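Trainee: I am new to this structure and would like a close look at a single part of it. Could you take me through the place where the domains meet, and then show me what surrounds the ligand?

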Amino acid sequence: MKLLITNIKELLQVREKPVRKVSGEEMKFLPTIKNAWLLIEDDKIADFGAMKDIPEMLVDKEIDATGKMLLPTWCDSHTHIVYAGNREQEFADRINGLTYEEIASRGGGILNSAKTLQETSEEDLYKQSAARLEEVMKLGTGAIEIKSGYGLTKEAELKMLRVIKKLKQNYELPVKATFLGAHAIPSEYKKDPEAYLKLVIEKILPEVAEDGTAEYIDIFCEKGYFSVEDTQKLLKAASKFGLRPKIHVNQFNAIGGVKAGVENNALSVDHLEVMNEEDIEILKNSETMPVALPSCSLFLSIPYTPARRVIDAGLPLALATDFNPGSTPSGNMNLVVSLACIKMNMTPEEAINAATINGAYAMNLSESVGSITKGKQANLILTKEIPSYTFLPYAFGTNSIESVFINGKEI
Ligand SMILES: N=CN[C@@H](CCC(=O)O)C(=O)O
Ligand SMILES: [Zn+2]
């Protein structure tokens, strides 16, 4: 099947020579071709170029994209979309004055979601999660990472990972699974949190590894959750099973999680709302991608990741949603890109780079998605008629997407 898209007003994120990620100054540059064409052959990007040079070709279908932009789909490298129920009551409680931390210390928060998930059947959990996945795909997400972490028992964590596996089998976009058993301390372990970490390391992790249902390991390294020492222990144990870290760090406090991540060759360190100079220095000369989650900052009214400090220090930065029932009940990458520009002072070029190629890197998917490069998966966003790509983050809250292609097929 050959699908030709012609008269594209601007083809964005064109990388003839593949790149794995872009950092610092490079992020300011978004390579494009104006008045372009792109050929999809089966599930891959076969060729592209400027309309003035379009060769003669026979195709099965042609789309005229006059006035519209074409870009790679968003790469959302941090989500918790497998969850059961919602937490809108806690949202109301926060409006009435309770903090996120206070809600958690009363047994709400992650523990609230864990209780609901434990009581939800695997089938129902799959249905709820698949509906969210379909929603975000229509919003332009074409590669996604999904975490466990609302199970907090061996059975429920394995149930979550089986649901992620089923999503992977039933949907064509790349899905990466992360084991986040160390997301919170269950109430029954409150007096002996060490015993819960022991359970995760000695009982749950080996089974997860044996099932082969997770590629990455995660932990919530934060005051009141898991310490740097816990993080080191878990990451070392997981590395024996080949699980690379992608960890929650520096959401409320900078306690040394970034250093622990880098020391353990983390693929990414995520959140980073609070960062000190040492964190920035440690990330230099590492292969670890810092990941910002601006819609979490918006929803919880907490600081935004200091993107300018990160990028101006020469580092790369990726953007992701953090879609989850407590801190970010939204998986809209378009909003994330807008917030990055509006609240984090990132340029549209930086934000688009962060949400495509750098997001791909943070899932180890740079070779297959995240840019317009021959041979990559044809996971593409076709916009409505818009004046320029800057209009995408500028018109926040407007859906500028006309259609989304996954593996060359319109969804
Ligand atoms: N901070 C830790 N985990 C999630 C939120 C979990 C929740 O509130 O349910 C996050 O990334 O924001
Ligand atoms: Zn998260």
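Mentor: Happy to! Let me start with a term we will need: a polar contact is a pair of N or O atoms within 3.5 Å. Please keep in mind as we go that this is a predicted model.

Let us begin with the two parts themselves. Domain 1 is made of residues 2–72 together with 372–410, while domain 2 covers 75–361. Taken over C-alpha atoms, their centres lie 29 Å apart. Where the two come together, 28 residues of domain 1 are in contact with 35 residues of domain 2.

How might we put a size on that meeting place? The size of an interface is often given as the accessible area lost when the parts come together. For domain 1 and domain 2, the buried area is about 2500 Å², and carbon and sulfur atoms give 61% of it. On the domain 1 side, look for Lys21, Met27 and Pro393: these supply 25% of the area that domain 1 buries against domain 2, more than any other three residues do.

Now for the polar side of the story. Between domain 1 and domain 2 there are 14 residue pairs in polar contact, counting pairs with both residues at pLDDT 80 or more. The domains also share 3 salt bridges. A salt bridge you can look up in the model joins the side chains of Glu172 and Lys409, with 3.1 Å from N to O.

Which elements of domain 1 face its partner? Helix 15 (391–394) and strand 15 (401–406) each bring at least two residues to the side that touches domain 2. Strand 15 gives the most, with 3 residues. By kind, the residues on this side of domain 1 divide into 14 nonpolar, 7 polar and 7 charged.

Finally, turn to ligand 1. It is surrounded by 15 residues, and the closest are Tyr100, Tyr150, Gln251, His271 and Ser327. Here our opening term comes back. The side chain of Tyr150 has an N or O atom 2.6 Å from an oxygen atom of ligand 1. For the side chain of His271, the distance from an N or O atom to an oxygen atom of ligand 1 is 2.7 Å.

Conventions
Residues are numbered from 1 along each chain as its sequence is written. Chains are lettered from A and ligands numbered from 1 in the order in which they are written. This is a predicted model: local features need pLDDT of at least 70, side-chain atom pairs count only at pLDDT 80 or more; totals for chains, interfaces and linings use all residues. Side-chain values use heavy atoms; hydrogens and water are left out. Domain bounds come from an automatic or database domain assignment. Contact means heavy atoms within 4.5 Å. Buried area is the accessible area (1.4 Å probe) that two parts lose on being put together, summed over both. A salt bridge is a side-chain nitrogen of Lys or Arg within 4 Å of a carboxyl oxygen of Asp or Glu. A polar contact is a pair of N or O atoms within 3.5 Å; within protein, one must be able to donate a hydrogen and the other to accept it, and residues adjacent in sequence count only if both atoms are side-chain atoms. Helices (H or I, at least four residues) and strands (E, at least two) are DSSP runs, numbered from the N terminus. Ala, Val, Leu, Ile, Met, Phe, Trp, Tyr, Cys and Pro count as nonpolar, Asp, Glu, Lys and Arg as charged, and the others, Gly among them, as polar. A residue is near a molecule or strand if one of its heavy atoms lies within 4 Å of it.
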